[in-house]
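Have the viewer open as you read.

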Amino acid sequence: MDTFQALDAARRRHSHPPAAGSDAEARALDAFAAFFSSFAPDRIERLLPATYAEDIWFNDTLKTVVGREALAHYLRESAEAVEHCRVEIIDSTRNPEGEYLLRWRMLIRFKRFKKGQDTESIGLSHLRFDAEGRVVYHQDYWNAADGLFRHIPVLGWMIEAVLKRV
């Protein structure tokens, strides 16, 4: 299932997201921001059930994951691969369908790549919430080359070589 099919399915299954300007909308956005404000394995276990619905469809440009249990496994592995990771929500926009576009800045320090060096990336998340304010659709758009791939020893060198020729 591609992102457009997943979004259409989420819209059909969850046709009543929190109302614009409501307390429920504010709580949903706050819960999402809190979840990624300090990306650590213990926080994933504790905050995931209140942040993501059971039937979540998730794509971070690196991997597509369906279901909260699979997402928990993926995010736990991701969090264990970093010394620290923090995402700051810069702003958000609600579209006419009741979904959100959140612009963010991520600061991350990997355990295996460029040890001791922070990496910064910017991106955008497209979210849809269920009636309880949990994320049912999450599609990220970000530059994975700058945010991750350039920091992998051989791959980073190859990306730099390609960019010099462009």
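## Aromatic pairs

Keep in mind that this is a predicted model. Searching the whole structure turns up 8 aromatic pairs. Take Phe-35 and Tyr-52: their ring centres are 5.7 Å apart and their planes sit at 75 degrees, over the 60 degrees cut-off, so this pair counts as edge-to-face. It's a link between distant parts of the chain, with Phe-35 in helix H2 (residues 23-37) and Tyr-52 in strand S1 (residues 52-59), 17 residues apart. Phe-35 and Tyr-52 are both buried.

Then there's Phe-36 with Phe-39, a stacked pair at 5.8 Å centre to centre and 20 degrees between the planes. Phe-36 and Phe-39 are both buried too.

## The ring cluster

Which residues do the ring pairs tie together? The cluster takes in Phe-32, Phe-35, Phe-36, Phe-39, Tyr-52, Phe-58 and Tyr-74.

## H3 against H4

Now for the helices. The axes of H3 (residues 41-51) and H4 (residues 68-80) come within 9 Å and cross at roughly 155 degrees. With that angle over 145 degrees, H3 is roughly antiparallel to H4. The crossing of H3 past H4 is right-handed.

On the H3 side, the contact uses Pro-41, Ile-44, Glu-45, Leu-48 and Pro-49. These meet Arg-68, Leu-71, Ala-72, Leu-75, Arg-76, Ala-79 and Glu-80 on H4. Sorted by type, the residues where H3 touches H4 come out as 8 nonpolar and 4 charged, with no polar ones.

Note on methods. Residues are numbered from 1 along each chain as its sequence is written. This is a predicted model: local features need pLDDT of at least 70, side-chain atom pairs count only at pLDDT 80 or more; totals for chains, interfaces and linings use all residues. Side-chain values use heavy atoms; hydrogens and water are left out. Rings of Phe, Tyr and Trp (its six-membered ring) pair if their centres lie within 6.5 Å; planes under 30 degrees apart count as stacked, over 60 as edge-to-face and the rest as tilted. Helices (H or I, at least four residues) and strands (E, at least two) are DSSP runs, numbered from the N terminus. Buried means under 20% relative accessible area, exposed over 50%, partly exposed in between (1.4 Å probe, protein chains only). Axes are lines fitted to C-alpha atoms, for helices over the stretch in contact, and angles run from 0 to 180 degrees between N-to-C directions. Angles under 35 degrees count as roughly parallel, over 145 as roughly antiparallel, 65 to 115 as roughly perpendicular and the rest as oblique. A crossing is left-handed if the near helix is turned anticlockwise from the far one by less than a right angle, and right-handed if clockwise. Contact means heavy atoms within 4.5 Å. Ala, Val, Leu, Ile, Met, Phe, Trp, Tyr, Cys and Pro count as nonpolar, Asp, Glu, Lys and Arg as charged, and the others, Gly among them, as polar.
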